[in-house]
Amino acid sequence: MLNLNSNIKYIKGVGEKRAELFNKLGIFDVDSLLRFFPRKYEDWSNTKSVLEAENGENVAVKATMITPVKEAMIRRGMTLYKCRFSDGESIINVTIFNNKYLAKALRVYEDYVLYGKLEKNFTAASMSSPKIEKLDTGVRVHPIYPATGKLTSNAIAKVVKTALDSLGEIPETLSDSIRNEYGLTSLDRAIRQIHFPDSDRDMAEARKRLIFEELLTLQLGMLKLKSANKSETSLQIKRDYTKEFCTLLPYELTGAQKRAIAECTQDMKKSVPMARLLQGDVGSGKTAVGAGLVYTVCKNGYQAALMAPTEILAFQHYEGLSAMLGKADIKVELLTGSTKAKDKREIKARLMAGEIDLLIGTHALIQNDVEFKNLGLVITDEQHRFGVKQRASLAEKGKGVHTLVMSATPIPRTLGLILYGDLDISVLDELPPGRQEIRTDVVDSRYNARLYKFMKDAIARGEQCYVICPMVEESEETEGLKSAEQFADELSQGAFAGYNIGLLHGKMKPKEKEKVMSAFAGGDICLLVATTVVEVGVDVPNATIMVIENAERFGLSQLHQLRGRIGRGSKKSYCVLISDSKSENAKERLLTMKKYSDGFRIADEDLKTRGPGDFFGERQHGLPKLRIADMLEDMEVLMLTQECAHKILERDYNLDLPENQALCTQINNMFRELTY
């Protein structure tokens, strides 16, 4: 008999080769298969006759096969199978493409359920490639899974059914008291009903149970992380040097910056380490806050580290901070993957000797041989690009180290408290004076000729442009979407022939990306075609135009992040959102970008208007992957699980009680998947 830990290949009908296809979907054992939940369902229980159905409707029809299958090869590798069905009143002409197995299984005068798009005219009805099942044995509610080319949703459903039929009762993970208090069904029933629900009510019960368990596991894990940061520390800051730091600046800090520095400094004076998120809109001055804290920490005799997600961003921090802090005799160094071996050895030796006050770098900072003499503060820039574990491994370079993580992704406060449950939050909700507002326009592709002339005029003045595409390369499934590779070719051979065009996307090797971004920052590339990989990028003050193709495909917060790449210099900047979408909802969402420039306001609008699960665009790094719960749609359940998690930890902090053992395993499994 199978159990939850059994390898996927041992399920009947899978085997070695098919197991590899499941592995690509992150399914390795029976447990991960059963927690690979359907993304939607097709309801075949509510059947209609041809006369009742609308033309073009996806519908289930009970019908009898009335003619044998006729086979016709239309070209090599493409065979059509044609036959007719009747629902008792109307004839349905059915065409099946390239499915010899189904065509051979059909029998004249047997009853079936056909599910698919019904096309009707005055004389006939037809269905192309409908799904067909026998009336007496077919499943009435069909689960639809996220499938790959070679592994269809139907194939996944069959394997799930086989696994469930071969399993005994699925062991419970929540105590009876929790299930009773929150009205939750058993895990065994929830898993079986989520895959093959008997009714809408059973499916809703199953979802409620599984969402609650997943969010409870997330809350427990995050709360344990937060309390792990609250052990005693000897690294207490004795004196605040903020006023002295302000004399180094050629400008006045905003009220929000002063407040954030004060909150962090107060934290660092306590007996437990600071663990704080600094959340600020693009251009709100997070780096200056970080610099102020570095100054105070170093003046108190400790070292600091700043980790950035890319070499070019690390270098930019190094240039800015060494110029600013060098005046006060604070020694700043840069350590990245590109640092020469000899220089690396020297930097590491000086770091251990305490001769470096602030070390700036990339992932290179968390290597085992990087040792600090007296590390007091760790800052990570663009927090969502790093995992919780990466942040922790840098903090482990010292004992009881203070940590500050900076993020330009505006997140509504309620959501932030949950996403960054292991951190206290400071918000920069004020832009420095003189920061220009970017003009934003929403147009369709008919404006391309005018837009290209506008871009060429800007390039002629020595300015630079970004063009953002939603995909790296073309795909049959997403016809009509601009891909960066294809569009860069189109522009370089067409409207921008002879211009120096760069291409940047996430599938490129890190060194290639750095090279392109450096060339753009240095002015060698005048037009950069890219994917959202530039969302977290460097300051290119000379870039004044950003064009975003298929803008309706992005979340508002993501569009705001992208827009923040321009308007970083003194010249007027323009963001042009291009969309040919006919959807009124999509147009309305994009006009929000024209209306608002405040990232937090946009984040709130995004929460209200965008579909569940799409708020962040790509999944945030450093957060466990949620399989069924949705951070936004399930906000009420989130609050309930937060309350439940506190109760559990107050009574049994280490989850040692037998009733909490399974939850402890769930937490370990969920947080084991975090990005290193």
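The entries go from the whole chain to the sheets, then to the helix pair and the single residues.

**Ground rules.** I am working with a predicted model, in which local features need pLDDT of at least 70, side-chain atom pairs count only at pLDDT 80 or more, and totals for chains, interfaces and linings use all residues. Residues are numbered from 1 along each chain as its sequence is written, and side-chain values use heavy atoms, with hydrogens and water left out.

**Whole chain.** I looked up the secondary structure and found 22 helices and 22 strands in the protein chain. Helices (H or I, at least four residues) and strands (E, at least two) are DSSP runs, numbered from the N terminus. Of the 676 residues, 52% are buried. Buried means under 20% relative accessible area, exposed over 50%, and partly exposed in between, with a 1.4 Å probe and protein chains only. The chain exposes about 32,200 Å², and carbon and sulfur atoms supply 49% of that area. Accessible areas come from the Shrake-Rupley method with a 1.4 Å probe; for residues, only the protein chains shown count as cover. I also checked contacts (heavy atoms within 4.5 Å). Among those with a separation of 6 or more, 73% are between residues 24 or more positions apart.

**Seven-strand sheet.** I traced an open sheet of 7 strands with parallel pairing, in the order S12-S13-S11-S14-S15-S10-S16. Two strands pair if DSSP finds at least two bridges between them. S12 (332-335) and S16 (424-428) are the edge strands, each pairing on one side only. From one strand to the next the twist averages 20°. I then followed S10 (residues 275-280), which pairs with S16 in the parallel sense over 5 bridges. Helix H12 (residues 341-352) lies across S11 (303-307), S12 and S13 (358-361), and runs at about 135° to S12. Axes here are lines fitted to C-alpha atoms, for helices over the stretch in contact, and angles run from 0 to 180 degrees between N-to-C directions.

**Arg276.** I stopped at this residue of strand S10. Its bridge partner in S16 is Asp424. Is Arg276 buried or exposed? Arg276 is buried, at a relative accessible area of 9%. Leaving out residues up to four places away in sequence, I list among its contacts Glu263, Cys264 and Asp267, as well as Thr403, Leu404, Val405, Leu423, Asp424, Ile425 and Ser426.

S18 (residues 464-468) and S21 (residues 543-548) run parallel and are joined by 5 bridges. Within that pair, Gln464 stands opposite Ala543 in S21.

**Helices H9 and H10.** Two packed helices are described by the angle between their axes and the distance between the axes. For H9 (residues 255-268) and H10 (residues 286-299), I read axes that come within 9 Å and cross at roughly 35°. The crossing is right-handed, that is, the near helix is turned clockwise from the far one by less than a right angle, with anticlockwise being left-handed. On the H9 side the contact has Gln257, Ala260, Ile261, Cys264, Thr265 and Met268, and on the H10 side Ala288, Val289, Gly292, Leu293 and Val297. These divide into 8 nonpolar, 3 polar and no charged residues. Ala, Val, Leu, Ile, Met, Phe, Trp, Tyr, Cys and Pro count as nonpolar, Asp, Glu, Lys and Arg as charged, and the others, Gly among them, as polar.

**Arg239.** I found this residue in the loop between helix H7 (200-228) and helix H8 (242-246). Arg239 is partly exposed, at 47% relative accessibility. Beyond residues up to four places away in sequence, Arg239 touches Thr296 and Asn300.

**Positive phi.** I noted Tyr109, a residue other than glycine, with phi near 70°. Tyr109 is in the loop between helix H3 (100-105) and strand S6 (111-120), and is exposed at 65% relative accessible area. Ser129 also has a positive phi, near 45°. Ser129 sits in the loop between S7 (125-128) and S8 (131-134), and is partly exposed at 38%.
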